[in-house]
Amino acid sequence: MGIEIIALAFIVILVLIVVSLMLYNYSIHKKVETYSNLNQRITSLNVLQDFMNTLGESLTINEKLENINDILINKYSIKYSTIVVFNGAEYEIKASNVDRKHWETLKSLQKDPVFGDSIKKATPKYITVDNENEKLPYQKMEFGRAKCAIFFPLYVDNIYIGYWIIEGSKPHEFDKTDTTILEVVRNNIVTILKTVENQATIENTVRDDLFSGLKSAEYLYGEGKKTVDKYTMSGICMFKIVNLNIINDTISRKTGNSVVTAVSKYVKENLASEYIFVRYMGPKFAIVFSGVEGNGVTNFMKDMKQKVESLQINYEQDYYKNIPEDDERRNAQNVVSPKIRVAVATYYKGTALDGALKKMEEFIDSSDEATINNL
């Protein structure tokens with residue numbers, strides 16, 4: 001009887017030990033799971049910070065989106081990542097690390113029935129194969145590249161604008177992936193796309209001016225800013241041909257155009273290649289002297305002002321169209337010289353370039369001073 005009691009006690013102890021180990025293992029599992037979730041959330045925060053840093057860099061829209069895609073690939077160890085956006089006319093790949101030969105397929109996924117429900121319901125769609133010999137439904141000419149994928153439709157203000165798709169190289173690779181974290185990333189991608197929309201508009205509105213041959217002012221806030229922001233400080237200048245309206249009204253419009261052309265050509269020929277010269281608006285022009293201090297700009301523009309105002313531009317033929325053949329004005333040496341008003345300031349990297357130029361424009365439009373003004 002005593003032996004039976006001892007055996008029973010031993011069994012109870014074993015059961016308690018097993019139960020304790022099971023509870024301990026469960027506790028460890030929960031801690032690991034908690035740590036994993038916490039680590040994923042920390043990664044997501046770091047990704048968001050990296051996104052914000054990328055937005056602040058002096059890059060084009062496409063460069064920013066490529067950088068963002070690279071961040072996603074590296075931070076989440078994703079094999080393939082592709083961002084596709086509808087540009088108003090067609091779907092285009094904004095960023096992808098997939099070989100270009102597959103891009104035609106990747107930018108047509110909205111037509112594939114397998115993703116139709118995902119787009120309608122604005123929910124992710126996960127698809128995978130079960131073995132290496134199968135291929136994903138949307139794959140046409142490829143077998144070995146991707147074996148699973150998660151498709152995330154992108155919406156801005158409830159309007160479908162495209163999708164983000166990540167792909168893995170192994171079957172069921174994303175089975176245990178926390179899609180809630182990836183949905184947060186998806187939302188961040190949408191935020192980025194909304195944020196860069198204004199920059200995209202600016203980049204798309206840059207034009208070459210007909211008479212000056214210069215870029216329009218929008219160039220300064222897009223591609224041009226990449227050059228400007230290589231330096232901590234740069235000199236900025238705005239000048240205005242103050243007698244251009246008078247030339248247009250009292251001589252002729254074509255003569256006024258010739259004045260713009262002559263002034264632009266002369267100034268451009270005397271600027272270093274790293275300086276940015278644009279036609280700001282109408283009779284106003286802007287120059288960014290990349291990496292040059294304001295005093296150096298002032299001295300340069302004093303000399304430039306003197307030489308520009310010594311230019312002599314012949315009247316164009318439209319001036320003579322209403323003048324009689326025997327009028328002595330036809331035999332006169334009819335030339336005009338431009339008069340310019342100049343303002344100079346210092347631009348510091350990270351501050352608002354458009355704000356600084358706006359202040360200079362207001363000064364030039366309201367001032368009657370003929371000297372170089374440092375603001």
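# A guided tour of the predicted model

Begin by selecting Lys240 and Asp365, whose side chains meet in a salt bridge with N and O 3.1 Å apart. The model on display is a predicted one. Asp365, at 38% relative accessibility, is partly exposed.

Together with Lys240 and Asp365 they form one network, joined by salt bridges that share partners. The structure as a whole holds eleven salt bridges.

**The whole protein**

The protein has 375 residues, of which 42% count as buried. Its secondary structure consists of twelve helices and 13 strands. Among contacts with a separation of 6 or more, 65% are between residues 24 or more positions apart. If a surface is displayed, its accessible area comes to about 21000 Å², and 52% of that belongs to carbon and sulfur atoms.

**Two salt bridges within helices**

Move to helix α4 (residues 113-121) and select Lys121 and Asp117, which lie four residues apart, about one turn of the helix. Their side chains meet in a salt bridge, 3.4 Å from N to O. Which of the categories buried, partly exposed or exposed applies to Lys121? Lys121 is exposed, at 56% relative accessibility.

**The nonpolar cores**

Select Cys237, Phe239, Val259, Val267, Phe277, Ile287 and Met301. Within the largest nonpolar core, which has 29 residues, these touch the most other members. Several elements each supply at least two residues of this core: the strands β7 (233-241), β9 (284-289) and β12 (340-348), and the helices α9 (244-251), α10 (253-269) and α11 (294-308). For a second, separate core, select Ile150, Leu154, Leu182 and Ile189, which are among its 24 residues.

Return to α9 and select Leu244, Ile247, Asn248 and Ile251, which are buried. Turn the view until it runs down the axis of the helix: the buried residues of α9 fall within an arc of 110 degrees, so they line one face of the helix. What covers the buried residues of α9? The cover includes β7, α10 and β11 (335-336). On the face turned away from the buried side, select Asn245, Ile246, Asp249 and Thr250, which are exposed.

**The loop between β3 and β4**

Select Arg145, which is found in the loop between β3 (125-128) and β4 (148-156). Is Arg145 buried or exposed? Arg145 is buried, because its relative accessible area of 9% is under 20%. The side chain of Arg145 makes a polar contact of 2.8 Å with that of Glu167. Apart from residues up to four places away in sequence, Arg145 touches Tyr80, Val98, His102, Leu106, Glu167, Gly168 and Ser169.

Finish at Leu136, which lies in the loop between β3 and β4. Leu136 is buried, with a relative accessible area of 1%. To see what lies around Leu136, display Ile127, Thr128, Val129, Ala146, Lys147, Cys148 and Ala149, with which it is in contact when neighbours within four places in sequence are left aside. One of these, Lys147, is eleven residues from Leu136 in sequence, and the two C-alpha atoms are 6.5 Å apart in space.

Terms used: Residues are numbered from 1 along each chain as its sequence is written. This is a predicted model: local features need pLDDT of at least 70, side-chain atom pairs count only at pLDDT 80 or more; totals for chains, interfaces and linings use all residues. Side-chain values use heavy atoms; hydrogens and water are left out. Buried means under 20% relative accessible area, exposed over 50%, partly exposed in between (1.4 Å probe, protein chains only). A polar contact is a pair of N or O atoms within 3.5 Å; within protein, one must be able to donate a hydrogen and the other to accept it, and residues adjacent in sequence count only if both atoms are side-chain atoms. Contact means heavy atoms within 4.5 Å. A nonpolar core is a set of buried Ala, Val, Leu, Ile, Met, Phe, Trp, Tyr and Cys residues joined through side-chain atoms within 4.5 Å. The arc is that of the directions from the helix axis to the C-beta atoms. Accessible areas come from the Shrake-Rupley method with a 1.4 Å probe; for residues, only the protein chains shown count as cover. A salt bridge is a side-chain nitrogen of Lys or Arg within 4 Å of a carboxyl oxygen of Asp or Glu.
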